[in-house]
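Colleague: I am new to reading protein models. Could you take me through one, feature by feature?

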Amino acid sequence: MLDALFKPKAVALVGASTKELSIGNVIIRNLQRYGYKGEIYPVNAKADEVCGLKAYPSLADIPGEVDLAHIIIPSQFVPQAIEECGQKGVKAVIINSAGFSEMGEEGARLQAEFLANAHKYGIRLFGPNCQGIINSDPALNAYCNFTFTFPKPGSISVVALSGGVGALIMQALDDLDIGQRLYASNGNACDVSIPEIIHYYGEDEGTKAVILYTEGFDQPRDFLEVARKVTAKKPVLAMKAGRTEEGAKAASSHTGSLAGVDIATELIFEKIGVLPFRDEGEMVRAAMAFSSQPVPAGNRVGIITNTGGPAVIATDVLVDFNLEVPKLSAASIARLRETQFPEAALENPIDVVATAGGPQFRAALDVMMDSDQIDCVYINFVTAPFTDTDAVAREIVAVNRQKRKPLVCNFMTNLKLERFQKTMAILKEGDVPFYANPGDAARALGSLVQYGRIQRRDIGQPHLFDGADAARARTIIEQARQTGRQVLTAGEVYGIFEAYGIAVAPWQVVRGADQAVAAAAAIGYPVVVKVDSSAIDHKSDMGGVAVNLKDAAAVSSAVEEMQRRLGHFGELGFLVQKFLPGGRELIIGASAERNLGHLVMFGLGGIYVETLKDVVFKVAPVTRVEATEMLAGIKTAALLDGVRGEAGIDKQAVIELIQRVSQLLGDLPMIEEMDLNPIMAFADGAFAVDGRIRIQTGG
Ligand code: ADP
Ligand code: MG
């Protein structure tokens, strides 16, 4: 439980300062200014008083109980301070000081020392090198932070790894007058982690939506498990920075975080239903809609406008978010005809025209709210000076208060004019999410709809196929490990595939030409001969693949040719395999991600992989729904259905292959990298004809 951190009854400040421009001073002033309801105890050996409060020479001298302490002293004194916190019975500590693991060996040693002290007393540590927390609950008003924005109470809670971005988000929410609930920025996060904070927000009744900013996760599996439970209850809006290599570098050098250019975080977001953003402004503007609007039941939008062009801009954005703009029913149009001006457009969008006043807007809104073809409403409201704009705003507010369907408003005006400030105040007072341009309003509504879609999406459970032989696969891997090999031989690879029922082209491994000819006869012509050597990665590039061999002579000359050309790699093994021509070449791949498990890849395979990079990823285990999404997710998805009379491929067979690969990966975490490339997919069936597995050695 993080109550001592987020709901402190008394806060001590080790390193309280009389110097106005110091952190040990600013935090006290912030607590005072925000109206903190608990006790504040400055600890300072040299001063009697700090910020008008009695100061204490040490924690031990404080008369009352202390549940939370800030530590704002040079890093070398922090371990001792934590020891004193333990003796005082402090339950949580915010270490604002920097100079630890981000500063090399000596810093890391200090960190290990204070962590040990904290564990000894069961103290939870927040930071180091961090801002702190804010709890806007009017019963508490805890501002344990050195920033300068004083959020009004509300229902959005923010957690940010980076203090700078956290402050930016807090400020942006405040600029939009959006109330906030809890705030946390935990810097180096040596103990209390982001997953833990998100869990806490999930349990917090006052939190309706969570905003997360991260630069990657140290323990992505923990995040996945925790956040999945939270997203089932409330929306989590998230942004992960460091998508580019340059961005990732900036992230790791600043906060000591372990971000890489990982796609894993975004895939985790997708898997557990976190709503991803690529722009912090967009995320904050969406939060405004989330804080007041219900979740749309579907993606059909009704548009009401009193001006033409902005409705066109909005429509483009809404359609980009996969919203539909359906036609209204004849009955709805008939109702509109009775209430709108003759020059109004009564389709969807409804153009009430610039002269429309409160009654026209209200009638159009009522039609949209009543229509069973509409799930949400987008309003363009330009403050035409020849209309009663306040009346329009009041009608929008009245309909918004009904909370029947979500709505957003693009409010186009001039706020230098007092008259329109008043109109704006009506919208604000009425909790209408309004925006300064059509794109922003449309994107906020798009995010709401996207969230509704995420909420309704059920990926199901991973399927475990009967007959999978994990023991056989493990034995094969164990044998390879014992000989110190990381890359498995063809025989081992196909053996593991078969243990999981993965369809493969019939095969045999052989040593020389005579054995190859016998194998070919058993498999049936035509066959393929491939060199099998751990030293050779791309067999075809080295002339190590001979396809469409129709008879014994062709097989033995192919083997002899490869022996001649590739003999310098040592004694060669060969794979003889059934030739399966004419299929669509696909790839299924996997790679182990630190502390996460495997990512599974699917895409267009064979020689096109590197050039077209038409692939998609998921975090294992991959369910049937997700495997189906993978097939639909590649750019060339249409090719799988066949184009211009060409037959489509057996998608069900490929979907099953992906699931079997996923099951295999779940049983065999020691697999570092694996690919099935190509898989030959036909109208009837799909078969792996090349496979590669690299394992971790040792362990
Ligand atoms: P590598 O990837 O090491 O170069 P592959 O075994 O993938 O070697 O073979 C290269 C290409 O040869 C494949 O992409 C495919 O086009 C073709 N090929 C390989 N095996 C078969 C097979 N059994 N049936 C049909 N074509 C095959
Ligand atoms: Mg290959």
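Modeller: Start with a definition. Buried means under 20% relative accessible area, exposed means over 50%, and partly exposed lies in between. Keep in mind that this model is predicted.

Colleague: Is D177 buried, partly exposed or exposed?

Modeller: D177 has a relative accessible area of 31%, so it is partly exposed. Its place is the loop between helix 5 (163–175) and strand 11 (180–185).

Colleague: What should I look for in the backbone angles?

Modeller: The general idea first. Most residues other than glycine have a negative phi, and most peptide bonds are trans. Now the case here. D177 is not a glycine, yet its phi is positive, near 65 degrees. N322 also is not a glycine and has a positive phi of about 65 degrees. N322 sits in the loop between helix 11 (308–320) and helix 12.

Colleague: Which peptide bond near P349 is cis, and where is P349?

Modeller: The bond from N348 to P349 is cis, with omega near 0 degrees. P349 belongs to the loop between helix 12 (330–339) and strand 16 (350–351). Another cis bond joins N677 and P678, with omega about 5 degrees. P678 is in strand 27.

Colleague: Which residues coordinate the magnesium ion?

Modeller: N677, through O, and D690, through OD, coordinate the magnesium ion (ligand 2) at 2.2 Å. N677 is in strand 27, while D690 is in the loop between strand 28 (686–688) and strand 29 (691–695), 13 residues apart.

Colleague: Are N677 and D690 buried or exposed?

Modeller: Apply the cut-off. N677 has a relative accessible area of 17%, so it is buried. D690 is buried too, with a relative accessible area of 17%.

Colleague: How do I read a ligand site? How many residues surround ligand 1?

Modeller: Count the shell, then check its contacts. Ligand 1 is surrounded by 17 residues, and K530, K539, S540, L580 and E585 are the closest. Of the shell residues, seven are nonpolar, four polar and six charged. Strand 27 gives the largest share, three residues.

Colleague: Which atoms make the contacts?

Modeller: A polar side-chain atom of E585 is 2.4 Å from an oxygen atom of ligand 1. A polar backbone atom of L580 is 2.8 Å from a nitrogen atom of the ligand. N677 returns here: one of its backbone N or O atoms lies 3.3 Å from an oxygen atom of ligand 1. Alone, ligand 1 exposes 540 Å², and the protein buries 86% of that.

Colleague: Which domains supply the shell around ligand 1?

Modeller: Domain 4 (506–578) and domain 5 (584–695) each give at least three residues.

How values were computed
Residues are numbered from 1 along each chain as its sequence is written. Chains are lettered from A and ligands numbered from 1 in the order in which they are written. This is a predicted model: local features need pLDDT of at least 70, side-chain atom pairs count only at pLDDT 80 or more; totals for chains, interfaces and linings use all residues. Side-chain values use heavy atoms; hydrogens and water are left out. A residue is near a molecule or strand if one of its heavy atoms lies within 4 Å of it. A polar contact is a pair of N or O atoms within 3.5 Å; within protein, one must be able to donate a hydrogen and the other to accept it, and residues adjacent in sequence count only if both atoms are side-chain atoms. Accessible areas come from the Shrake-Rupley method with a 1.4 Å probe; for residues, only the protein chains shown count as cover. Helices (H or I, at least four residues) and strands (E, at least two) are DSSP runs, numbered from the N terminus. Ala, Val, Leu, Ile, Met, Phe, Trp, Tyr, Cys and Pro count as nonpolar, Asp, Glu, Lys and Arg as charged, and the others, Gly among them, as polar. Domain bounds come from an automatic or database domain assignment. Donors are N, O and S atoms within 2.8 Å of the metal (3.2 Å for Na, K and Ca); water is not among the atoms, so sites may look incomplete. Buried means under 20% relative accessible area, exposed over 50%, partly exposed in between (1.4 Å probe, protein chains only).
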